Amino acid sequence: MMDRVLFDRHFLQTLDSLSFVARRIYRGDMRGAHASPRRGTSLDFADYRTYQPGDDFRAIDWSIYSRLDRLFIRQYAEEEDLTVHILLDTSGSMSFGTPPKIDYARKLAAALGYVGIGSLDRVGISTFAAGLGGALAPRRGKGQLFHLLDYMSGLRAGSGTDIARSLEDYALRSRNPGLAIVITDLLGVPLDGYRRGLSALRFHEFDIVLVHVLDREEIAPSEEGYLRLSDIETRQSLAIAVDRSLLETYRRRLAAFFDSVESFCLKSRIEYLRAATIVPFEDVVLRYLRQGEHLHSR
Amino acid sequence: MSFANPLWFFLLGLLPVIVLLHAIAVRWRVTLVSSLALWQEAVNERAMSLRIRRLLGNLALLLELAAVIALSTSLAGPLAPRAGGGGSGSTILVLDATASMQVREGVRTRFDLARSRALDAVAGLRRGDGMAIVLAERSPRLLQPFTVDHATLQRVLRAAVATDEPGDVSDSMAFALSLRDARRGDQVLLVSDGAYESLEGVDLSLPWIHVVLVGSRHDNVGITGFSFRRTPGAESTYEVFCSVANIGAVSVSVPLSIRGEKGIVVTRHLDIAAGARASFGLPWTGPTEGRVEARIETGDAFPLDDAAYAVFAPARTVRVRLAGSGTYFIQKALESLPGLVLSTDAGPESGVEDVSIYDAVDPPDLEKGNIILFASTPPNLPLRVVGNLAAPVVTGWSRSSPLLDSVSLGGLLIGQALSLQPGPGFNVLAASRESPLILSWEQTGLKVIIVAFDPQKSDFPLRPGFPLFLANAITWFLPSWLTLQADQVQTGQPRALTSDSASSSIHVVKPDGTRRALAVSDLSREFRETDEVGFYRVESGSSESEFAANLTSPSETDITPRLIIAGPGSPRGGVRTVGSTVPIWPLLAGFALLFLLAEWLVWAAPHRRPRE
């Protein structure tokens, strides 16, 4: 069972000061803290429009009438809530590493969920591996935080990975697009399957943050000699003599993979953050995600 | 670079075994990875090099492979060309063509291998380098004088064949050395099987003598003796004598059969210990005419000595006519010899005698026949009597002459002898200081022996050499008399041919069917091409006769290569050059030891160092 005391007080206080910002303006269901395409009653001036019979006289801008001798209505922006979709990879490869990447990802998801709930946003979480797994529907309110923690405490990494199919399915099923935070190691077969999945989300109006979780041994494997490499997901094995030269080739391949992911995200306007498990996840949230476009101080 | 014993390269067969053992012995560590995808891409990129690097990365394996290579190369006896020893000038190639070169080495013979080596040597000649080829047979034969035409050399070598003759390669080497021009820097190259103890009189350590040995060790059983002789004390019975040698490391039981033209006469099983010889003599119960063949069944690599041949020619009766008054001692000596029919009729020759002896009586003109003259001279031969000698002392005689074989004339007391002045054509066999005492004359159809003194006026008849002298004389006249009941020669030996008819030529048909013609006018009348084992047919006019040629040579039957050449390893079965090469096996052996030491250190290192 996942420890409910995930974060210390100071970290929680810091999280309280954060909120999500979406690039797009989404239509919310309830009033919230995010801009809405609707015109509403906030104090933020939005626009003028010509008076129509029946409009509230209180909204007429009399100073303009005195200058132009025409009636205009002042419109104010509406503020609504934002739906934050946390998509967490629970494939077998996420159990790899020290600590396991799934643990790191769960903490990251919990922290981001806390931020969303604290910003009066609706936060939902869905897992995926070979397909879509369980889901916690997006809700708002402090109670959702406990549901979120309970849900994540029961998560186990185990099966294969099909990022493309999983994210496509999610995009099709979701009625309220919003901010999608995809936490994954991107290790599926094929390796570029993430492109289809993220594109599907993007086509369905999701604003996407991709958190790429990696273990130190994946980034810089250190073992040499006669190794029988066993895939933690498929249990397939590969017997090779690993030497420095081969390790160098592996690192070159990995760098090329990173480049392709970054390039794709840049073109697709996806915020991309690579998170190694050796980096404290607090730093990931408070420093690196804050430097991005989607997590701001209130 | 050449190798004294390349058979040791079989050790290189250990290389794949070592690699296999290492491949089996590799301990694979199971390592979990989140995905094989990136690893697979990396491996695919380096697929070729990885397989090699997997092995190359194993230092111990590399050292073991290097040690085996160095060790096998060292044992193979590598010989590097000596600095400055390459030599210039021409090469005299001595190609061993004696009988032992016909030993089979797999599908090829030693001679085939030797010819290949010789062709290699020709191919290695530089433009303008000359070569002469000497074929080592019973006696050396200059097969090709010096030439720079390499194509001619190759053609001559390809046409060369080994003979069935025994031979001494030392003679051929001596001949080759006599051709060598030291100022020109000529090299002498011997290609041989080395089936002899040494090369007498040849210093193999000389830098310009190169030896290439071919052939490997084989066991061999062969007939080394086969002859017939008249049974002592009996006129018409004969004995067969046969000798078989076992040149091998184990005892053998060999079936032997001797057959005449009508079937097998003698069969025997000979049990012969390793390195021993079995000999036996038996009364001959077979036919006393025609061909006889002895054969053993061995199936060894040298079939040439598994058969021996003879043409059984019963001793002929020799009719001797003795003329003269005081012939008592001569008559008694002749009566002691077998196979003679003696007549003492005086007067001219009747023409049916085989030998005529004139003792102190003048003979008629001598045209043909076999004549011995004691104290008389033929009127028609260029021999002049200039007087008489009193008590001449024999000062010298020809010991190599077959007429004086085993006859000693030392201290011979002669009361009186004719003083003679021989003309050209006479062969002086014995002489005093003043005059020849024994002479011979030979021309077509006529053989004459002249003894310048009357035996009764000397102590010659009282000496054991006197009947031997008469026997030698009759043998010289009639070679088939007495000792050649079974007409056979050893291969390579000349065979004297006789012609009783007035035919102008003699033809010899060799065992392989080829015909050779000899002119009767040839004084030597020796047939020298007895280079094949088997039966030879001699045709002279209407008469035909046969003789046989055999190897029957214990030295050739011993086909074991045993020529010792100082240096690393044994030269058996391989190629070895000496003189202009330097052995480098110690260096390679040192490398092998170093590799093994390094391998041990590599192996021991992880055992001494605690694992982290």
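User: How confident is the predictor in chain A, and what percentage of the residues score at least 70?
Analyst: This is a predicted model. Chain A averages a pLDDT of 82. The residues that score at least 70 make up 86%.

User: Over which residues of chain A does pLDDT stay under 50, and how many contacts beyond four places in sequence does the model have there?
Analyst: The stretch is residues 1-5 of chain A, where pLDDT stays under 50. For contacts beyond four places in sequence, the model has six.

User: In what order do the strands of the open six-stranded sheet of chain A run, and which strands stand at the edges?
Analyst: The order is β6-β5-β4-β7-β8-β11 in chain A, with mixed pairing. Neighbouring strands are turned by 15° against each other on average, direction ignored. Each edge strand has a single partner strand, so one side of it is left without a neighbour in the sheet. Those strands are β6 (132-139) and β11 (271-276) of chain A.

User: In what sense do β7 and β8 of chain A pair, and which residue is the bridge partner of T184(A)?
Analyst: Strand β7 covers residues 179-184 of chain A, and strand β8 covers residues 207-214 of chain A. They pair over six bridges in the parallel sense. In β8(A), the partner of T184(A) is H212(A).

User: Which strands does helix α3 of chain A touch, and what angle does its direction make with that of β4(A)?
Analyst: Helix α3 (residues 101-118) of chain A packs on the sheet. It touches β4 (83-89), β5 (122-128), β7 and β8 of chain A. With the direction of β4(A), the helix makes about 175°.

User: Are α3(A) and α9(A) parallel or oblique to each other?
Analyst: The axes of α3(A) and helix α9 (residues 281-289) of chain A come within 9 Å. They cross at roughly 40°. That angle makes α3(A) oblique to α9(A).

User: Which residues make the contact of α3(A) with α9(A), and how do they divide by class?
Analyst: From α3(A) come Y104(A), K107(A), L108(A) and A111(A). They meet F281(A), V284(A) and V285(A) of α9(A). By class, the contact has six nonpolar, no polar and one charged.

User: How many residues does each chain give to the contact of chain B with chain A, and which element of chain B gives the most?
Analyst: Chain B gives 24 residues and chain A gives 30 residues. On the side of chain B, the elements that give two or more residues are β2 (29-33), α2 (37-45) and α3 (47-56) of chain B. That side has 12 nonpolar, five polar and seven charged residues. The most, eight residues, come from α2(B).

User: Are α5(B) and α6(B) roughly parallel or roughly antiparallel?
Analyst: Helix α5 (residues 110-123) and helix α6 (residues 150-159) of chain B pack with their axes 10 Å apart. The angle is about 180°. Angles over 145 degrees count as roughly antiparallel. The two helices, α5(B) and α6(B), are therefore roughly antiparallel.

User: What is the order of the open eight-stranded sheet of chain B, and which are its edge strands?
Analyst: The order is β19-β18-β20-β21-β27-β26-β25-β23 in chain B, with mixed pairing. Each edge strand pairs on one side only. The edge strands are β19 (340-343) and β23 (394-397) of chain B.

User: In what sense do β26 and β27 of chain B pair, and what is the bridge partner of W441(B)?
Analyst: Strand β26 (residues 436-443) and strand β27 (residues 446-451) of chain B pair in the antiparallel sense. The pairing runs over six bridges. In β27(B), the partner of W441(B) is V448(B).

Methods
Residues numbered from 1 in each chain as written. Chains lettered and ligands numbered in written order. Predicted model: local features only at pLDDT ≥ 70, side-chain atom pairs only at ≥ 80, totals over all residues. Pairing = 2+ DSSP bridges. Helix = DSSP H or I, 4+ residues; strand = E, 2+ residues; numbered from the N terminus. Axes fitted to C-alpha atoms, helices over the stretch in contact; angles between N-to-C directions. Contact = placed C-beta atoms within 7 Å. Parallel < 35°, antiparallel > 145°, perpendicular 65-115°, else oblique. Nonpolar A, V, L, I, M, F, W, Y, C, P; charged D, E, K, R; others polar. pLDDT = per-residue confidence, 0-100.
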